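Here is a short briefing for someone meeting this structure for the first time. Please keep the sequence and the structure in view while reading the points below.

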Amino acid sequence: MPKTNAINNQSAELTIDPGASGDSFIQFDINGTGEFRIGVDDTDSDKFKISQGSALGTNDTFIMTASGERTMPLQPAFLGYLALQDSNVSGEGTVYTLGSGNALTEVFDQGGDFVTTGTFTAPVTGRYYFSMSLQIGGVGAGHYGEMRLVTSNGTYLLYKNDIVNMGTTVEYTSSAFVDMDASDTATTTLDVAGGAKTIDVAGGTLGGGAPTWFSGYLVA
Amino acid sequence: MAKINAISNKSAELTVDPGASGDSFVQFDINTTGEFRIGVDDDASDAFKISQGSALGSNDTFVMSAAGERTMPLQPAFLAYLGTTDSNVTGDGTYFTVGSGNAMTEVFDQNSDFNTNGTFTAPVTGRYLFCGQIELDDIVSAHTLGLGVFDSSNGLWRFDRSDFGNIGVTNGLQVGGSVLIDMDAADIATMDIGVFNSTKTVDVIAVAPATGAGTWFCGYLAV
């Protein structure tokens, strides 16, 4: 079948059809430079895509399958976990930042906005969701603890209790949905006080149940 | 007003206008098969849509209201709660998957990727956010270790580890969390609880949402 791109003023249709094969798309250029292309990728199960540049399938920013499943392969998103334990990092009031001791191991880091020292930097202004879990060991007499999400726009107390009453090894888990401006940062901190500096933050492997991790993504 | 569909080589505008009424859209076909249509749905408060096939209003995959509220009616997403208590499922080190005993009750299951036995199966490769809570009862002081995990094909993500016997004997206990994880197409995820060091007496409690759902599991394809 021949290529058929048509503007039909009777039906108000604007139809793009490459014929028997090929992508069906609209190209947005400025001064001859391909900025974005939108359309259906014939070589990828006819998914609808919004791609930066001049090709569907390269720099895909938005992918919608025929079943309605949407992914955004370049949307800022990360997950990192602590593989090796950080020992004696708090207990007498020292504020410990996750990743500041042993580096975190990245599972994924779409957008490249996370560093393994535990800091996420917002690439654009928006609303971001973060979740984290810290396994805390070495709990002793008098210990009470606080976990926070520290961002450039504010610090959020996520967990606070008399940790000594929970056992010698406990897990602090929480999440927050926050506003960030471009270049703002976010980290997770732990502050245990009231006792000796014996608090450990546990590391571990994914197969055994990662005990300490930090994740987040740009929501809106 | 007459229908005006026009390409202006002066301003680089491409305008689609059906006139007094009708959708304003661009149709993407391959070999005359309607694959996707994007445009403004005149019958839905002029919402901008990306719809699979050849019609706005059918198989809408992306809907943006004129006020900027975006929904994705077919995006994988689920919420389910436990409607009937599972008794004596852990306490001796057994890991119990929520839903593997009494089936869960679905509140919603967009795209039908969740099974009421507690298993979510990823339809496509992506990053998924999971969240959940588990209410427990009949904990005894000897249950000195409890672990809650999101169990996925790519790894286990712990959201709780505590001395349950020290904090949950009198009034029970609720544990939970959330995590953003990577999944490949066909990978699965469940929410599990394991209580250790004593006998198998621990119950996973069901409470209806009307009175405060005690045990529930949710998730969605995030990016």
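In this predicted model, the contact between the two chains draws on 55 residues of chain A and 51 residues of chain B. On the side of chain A that touches chain B, strand 2 (residues 13-17) gives the most, with five residues. The residues on that side of chain A divide into 24 nonpolar, 24 polar and seven charged.

**Confidence**

- For the complex, the predictor gives an ipTM of 0.89 together with a pTM of 0.92.
- The average pLDDT of chain B is 93, and 95% of the residues in chain B score at least 70.

**Domains**

- Chain A is divided into domain 1, which covers residues 4-71, and domain 2, which covers residues 77-218; the centres of these domains, taken over C-alpha atoms, are separated by 42 Å.
- Chain B is likewise divided into domain 1, at residues 4-71, and domain 2, at residues 77-221, and the C-alpha centres of domain 1 and domain 2 of chain B lie 42 Å apart.

**Fold and overall shape of chain A**

- Chain A contains 20 strands and zero helices.
- Among the contacts in chain A with a separation of 6 or more, 59% are accounted for by residues 24 or more positions apart.
- The C-alpha trace of chain A spans about 80 × 35 × 30 Å along its principal axes.
- The radius of gyration of chain A is 24 Å, whereas a compact globule of 220 residues would have one near 17 Å.
- Of the 220 residues that make up chain A, 45% count as buried.

**The largest nonpolar core**

- In soluble globular proteins, nonpolar side chains tend to be buried together.
- Which residues have the most contacts inside the largest nonpolar core? They are B:F150 and B:I181, and the core that holds them has 101 residues.
- When neighbours within four places in sequence are left aside, B:F150 is in contact with B:F130, B:W157, B:F159, B:V179, B:I181, B:A189 and B:M191. The contact partners of B:F150 therefore include B:I181, with contact here meaning that the C-beta atoms, placed from the backbone, lie within 7 Å.

How values were computed: Residues are numbered from 1 along each chain as its sequence is written. Chains are lettered from A and ligands numbered from 1 in the order in which they are written. Domain bounds come from an automatic or database domain assignment. Helices (H or I, at least four residues) and strands (E, at least two) are DSSP runs, numbered from the N terminus. Ala, Val, Leu, Ile, Met, Phe, Trp, Tyr, Cys and Pro count as nonpolar, Asp, Glu, Lys and Arg as charged, and the others, Gly among them, as polar. A nonpolar core is a set of buried Ala, Val, Leu, Ile, Met, Phe, Trp, Tyr and Cys residues joined through C-beta atoms within 7 Å. A residue is buried if 20 or more other C-beta atoms lie within 10 Å of its own, exposed if 12 or fewer, and partly exposed in between; C-beta atoms are placed from the backbone. The radius of gyration is taken over C-alpha atoms; the globule rule is 2.2 Å times the number of residues to the power 0.38. pLDDT is the predictor's confidence in each residue, from 0 to 100.
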